[in-house]
Amino acid sequence: MSMTWKDLKDELIDLGFEEDDTYSEYKRIAVNSTNRAVRIIHTVVVPQIEDYLNGKWGYQGKDENGKETWVLPKFKPLTIDVEDDTKINIPEITEPLVGILAAHYLWLDDDLTKATIYWNEYDDLKTQIIQSAKLVKKAKIVGGIG
């Protein structure tokens with residue numbers, strides 16, 4: 001399942017707006033906060049779980065030498081006129097981070113308590129995701145040197 005702008009917008013509204021119609025006042029800040037959050041996840045979290053993402057997120061491509069390689073998508077910022085069905089280009093395992101980190105930046109100026117709570121939630125969840133993605137997976141070796 002891919003996260004859409006509507007999914008994220010609804011989450012941001014639930015994470016702090018008193019009334020749904022308040023969103024129109026905060027749209028630009030919500031888009032900018034989301035772009036900042038996704039950019040941070042792309043530059044801080046994704047490189048740490050790149051091995052986990054290999055084959056799960058991205059596409060098959062070629063490096064500068066023409067060798068087959070797995071390519072992770074680049075960050076593409078949202079614009080102020082973003083449509084509700086626009087997909088947020090982020091690995092599924094990191095989707096839970098986007099809303100709480102964007103909410104941190106969204107509320108940083110207005111409500112430091114909310115912003116701090118969301119930062120702490122983000123930081124804890126980020127650590128759990130990275131640790132989970134780096135766990136050694138079990139393997140069963142059958143046969144042997146024969």
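User: How many helices and strands does the secondary structure of the protein come to?
Analyst: This is a predicted model, and the elements can be read off along its sequence. They follow the pattern α-α-α-β-β-α-α. Counted by type, the secondary structure comes to five helices and two strands.

User: Is the protein spread out or compact, judged by its radius of gyration?
Analyst: For 146 residues the globule rule gives 15 Å, whereas the radius of gyration of the protein is 18 Å, well over that figure. Along its principal axes, the C-alpha trace spans about 70 × 30 × 25 Å.

User: Is Lys126 buried or exposed?
Analyst: Lys126 has its place in helix α5, which covers residues 112-134. A residue counts as buried when its relative accessible area is under 20%. The relative accessible area of Lys126 is 16%, so Lys126 is buried.

User: Which residues does Lys126 touch, not counting those up to four places away in sequence?
Analyst: The side chain of Lys126 is joined to that of Asp123 by a polar contact of 3.3 Å, but Asp123 falls within the stretch of sequence that the question leaves aside. With residues up to four places away not counted, the residues that Lys126 touches are Val45 and Leu97.

Note on methods: Residues numbered from 1 in each chain as written. Predicted model: local features only at pLDDT ≥ 70, side-chain atom pairs only at ≥ 80, totals over all residues. Heavy atoms only, no water. Helix = DSSP H or I, 4+ residues; strand = E, 2+ residues; numbered from the N terminus. Buried < 20%, exposed > 50% of the residue type's maximum accessible area, 1.4 Å probe, protein only. Polar contact = N/O pair within 3.5 Å; in protein donor to acceptor, adjacent residues only side chain to side chain. Contact = heavy atoms within 4.5 Å. Rg over C-alpha atoms; globule rule 2.2 N^0.38 Å.
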